[in-house]
Amino acid sequence: MIRLIATDMDGTLLVHGVTGIPDENLRAMKQAAARGIHVALCSGRMPEDMSFFASDAGLNAHILALNGSYCLDVPHGPCVSSHTMQPADAQALRGMLQAYPGLHYAIFSGNDLVVNMAPSDDWEINVGTNLRRPGGKTRVAVNQEERLQQMLAQGVNKLVVVDEAMTGVLEKIRQEIARRLPGLEVSSSWCNNLEIMARGVNKGAAVTALARRLDIPMDQVMTLGDNENDIPMLTCAGVGVAVENATPGALAAAKYRTASNDRFGVAEAIRRFALDGESV
């Protein structure tokens, strides 16, 4: 019996070229919710960005944002948990990255964002779909040192490094962080990025904490994902499901497989494991 479904978004729930949550996946999620099953979106995206995906679709989902470091119980609701880097670690990390010229990075604190790159279409795709949404509360600062220092001191949920030119420096940075900053945890959601959080902060920890608050055993939790940053939640759940297009690491970590994201593998898995094969 599945009582909680937590799904990654990009590469899993969402389909390239389709605006919002695809209808087939959405129908399955709403049918599960109608049966009393909790639904959660779990992504590296920002909380408000994710909330708009849910509210646009009429889906009352838990929001586990920024790789589970900033969580809401309802779309656009108050923060129920926030886990940030130690300020000294955040400062040291930023200093480390300055030794690698040409890298793009984005620093996230809730719905606040500081980037060192000029806005572009690709920039918005990489950082958030709804950054400029009318009525939104997300604040973006570009190359603003004062705001960056404020965030480093107050609390950073996640820092993303992007190597657009694919120069191969990301593995060097990963190794340097492991050697010099043991208080940080490094993952990736795409071949050209690193996603860095405080040690022990990841999607698996967020899903586990949510299940505990809902008094749901982990063997009644289903998670779905496609990439390295999904592995902690694929391994912690009783039913961890990787979409067919997942990375080799995510496929190896999952107990089960479903169709690819562009064949609506989320809907297929929900039918199979939560709806007893019922059509949606």
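Q: Contact means heavy atoms within 4.5 Å; on that basis, what do the buried residues of α2 pack against?
A: In this predicted model, the buried residues of α2 pack against β1 (4-7), α1 (9-13), β2 (38-42), α3 (47-57) and α11.

Q: What makes N25 and L26 of α2 count as buried?
A: The term requires under 20% relative accessible area. N25, L26, A28, M29, Q31 and A32 are the residues of α2 that are buried, so each of them falls under that cut-off.

Q: What makes a set of 44 residues a nonpolar core, and which members touch the most others?
A: Such a core consists of buried residues of nonpolar types joined through side-chain atoms within 4.5 Å. The largest one has 44 residues, of which I5, L41, M222 and I270 touch the most other members. Helix α11 (residues 265-273) contributes the most to this core, with five residues. A further core, of 26 residues, lies apart from it and includes L103, L159, V169 and L170.

Q: Which residues is L41 in contact with, leaving aside its neighbours within four places in sequence?
A: L41 is in contact with T7, M9, L13, M29, M50, A54, A61, H62, I63 and L64.

Q: Why are the buried residues of α7 said to line one face of the helix?
A: Helix α7 (residues 169-180) has 12 residues and reaches 16 Å from its first C-alpha to its last, close to the 16 Å expected. V169, L170, I173, E176 and I177 are its buried residues. Viewed down the axis of α7, these fall within an arc of 120°, so they line one face. The face turned away from the buried side carries K172, A178 and R179, which are exposed.

Q: What describes the packing of α4 and α7, and which residues meet there?
A: The axes of α4 and α7 come within 11 Å and cross at roughly 145°, and the crossing is right-handed. L93, M96 and L97 in α4 meet I173, E176, I177 and R180 in α7. Besides α4 (87-97), the buried residues of α7 pack against β9 (158-162), β10 (184-187) and β11 (193-198).

Technical notes:
Residues numbered from 1 in each chain as written. Predicted model: local features only at pLDDT ≥ 70, side-chain atom pairs only at ≥ 80, totals over all residues. Heavy atoms only, no water. Buried < 20%, exposed > 50% of the residue type's maximum accessible area, 1.4 Å probe, protein only. Helix = DSSP H or I, 4+ residues; strand = E, 2+ residues; numbered from the N terminus. Contact = heavy atoms within 4.5 Å. Expected span 1.5 Å × (residues − 1). Arc of directions from axis to C-beta. Axes fitted to C-alpha atoms, helices over the stretch in contact; angles between N-to-C directions. Left-handed = near helix turned anticlockwise from the far one by under 90°.
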